[in-house]
Amino acid sequence: MDKVIFNKEEHRYTLLRDNGEKIDLVSVTQLLAKHGLTSDYSAVDADVLAKKAERGSIVHEELERYVKYGEIGFTGELQAFIDLCKEKKIKPLKSEFIVFNDEIAGTVDVAGIIGENELPFIGDYKTTAHLNQESVAWQLSLYAYLNNEEIFEKYLVFHFPDANTCKMVEII
């Protein structure tokens with residue numbers, strides 16, 4: 001069975017075929033950037049951007065450990081996410097899983113069910129001050145397209161504009 005390996009340092013996906021063939025894939029992030037569908041951070045000071053990126057990585061890792069293993073971490077973002085999940089009846093079931101085809105790959109932050117009717121959702125975490133809804137709409141649409149295992153009825157963004165806030169935004 002074909003599988004994909006993700007090189008985190010280089011942000012590179014490689015498809016490994018059963019026959020041993022290796023194919024470099026375009027990441028969803030690269031594809032969106034190529035078509036001008038990502039936020040432009042070129043005006044942001046490099047040190048500020050690096051600190052924000054580091055914080056975003058910490059939050060993502062903590063959310064992943066919570067969804068996968070039930071680990072309670074230390075960030076205000078995690079606690080805000082847990083509180084939001086209780087309030088909105090959100091059950092995150094999977095975290096940080098790769099979706100792909102023969103050309104494109106990406107990593108889904110979270111998927112699960114929401115509400116009384118337990119509607120399946122696919123979601124992304126954003127730790128930016130401003131949420132670029134157009135970009136994340138494209139991102140989640142591509143993830144859903146690349147995922148052949150299930151159909152998602154909701155596309156959600158869990159936005160963390162500051163250390164103690166988690167807002168759920170439904171992308172339509």
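I took contact to mean heavy atoms within 4.5 Å. Helices (H or I, at least four residues) and strands (E, at least two) are DSSP runs, numbered from the N terminus.

**Ground rules**

I worked on a predicted model, where local features need pLDDT of at least 70, side-chain atom pairs count only at pLDDT 80 or more, and totals for chains, interfaces and linings use all residues. Residues are numbered from 1 along each chain as its sequence is written, and side-chain values use heavy atoms, with hydrogens and water left out.

**Helix 4**

I looked up helix 4 at residues 133-146. Its 14 residues reach 20 Å from the first C-alpha to the last. That is close to the 20 Å expected at 1.5 Å a residue; the expected span is 1.5 Å times one less than the number of residues.

Next I checked burial. I used under 20% relative accessible area for buried, over 50% for exposed, and partly exposed in between (1.4 Å probe, protein chains only). Buried residues of helix 4 include Val136, Leu140, Leu142, Tyr143 and Leu146. Ser135 and Gln139 are also buried.

What do the buried residues of helix 4 pack against? I found helix 1 (28-34) and strand 4 (90-100), strand 5 (104-114), strand 6 (119-126), strand 7 (154-159) and strand 8 (167-171).

I then looked at the N-terminal end of helix 4, which Asn132 caps. A side-chain oxygen of Asn132 lies 3.3 Å from the backbone nitrogen of Glu134.

**Salt bridges**

I searched the whole structure and got 15 salt bridges. The cut-off was a side-chain nitrogen of Lys or Arg within 4 Å of a carboxyl oxygen of Asp or Glu.

I looked up Glu61 and Lys8, whose side chains meet at 3.6 Å, N to O. Glu61 sits in helix 2 (residues 46-69), Lys8 in the loop between strand 1 (3-7) and strand 2 (12-16). They are 53 residues apart. Glu61 is partly exposed at 34%; Lys8 is exposed at 57%.

I turned to Glu116 and Lys89, with the closest N and O atoms 3.3 Å apart. Glu116 is in the loop between strand 5 and strand 6, Lys89 in the loop between helix 3 (76-88) and strand 4. Glu116 is exposed at 64%, whereas Lys89 is partly exposed at 44%.

Lys91 and Glu118 form a salt bridge at 3.0 Å. Lys91 lies in strand 4 and Glu118 in the loop between strand 5 and strand 6, so the pair ties together parts 27 residues apart in sequence. Both are partly exposed, Lys91 at 43% and Glu118 at 41%.

Last, I noted a network: salt bridges with shared partners join Asp2, Arg17, Glu21 and Asp102.

Definitions and conventions. A polar contact is a pair of N or O atoms within 3.5 Å; within protein, one must be able to donate a hydrogen and the other to accept it, and residues adjacent in sequence count only if both atoms are side-chain atoms.
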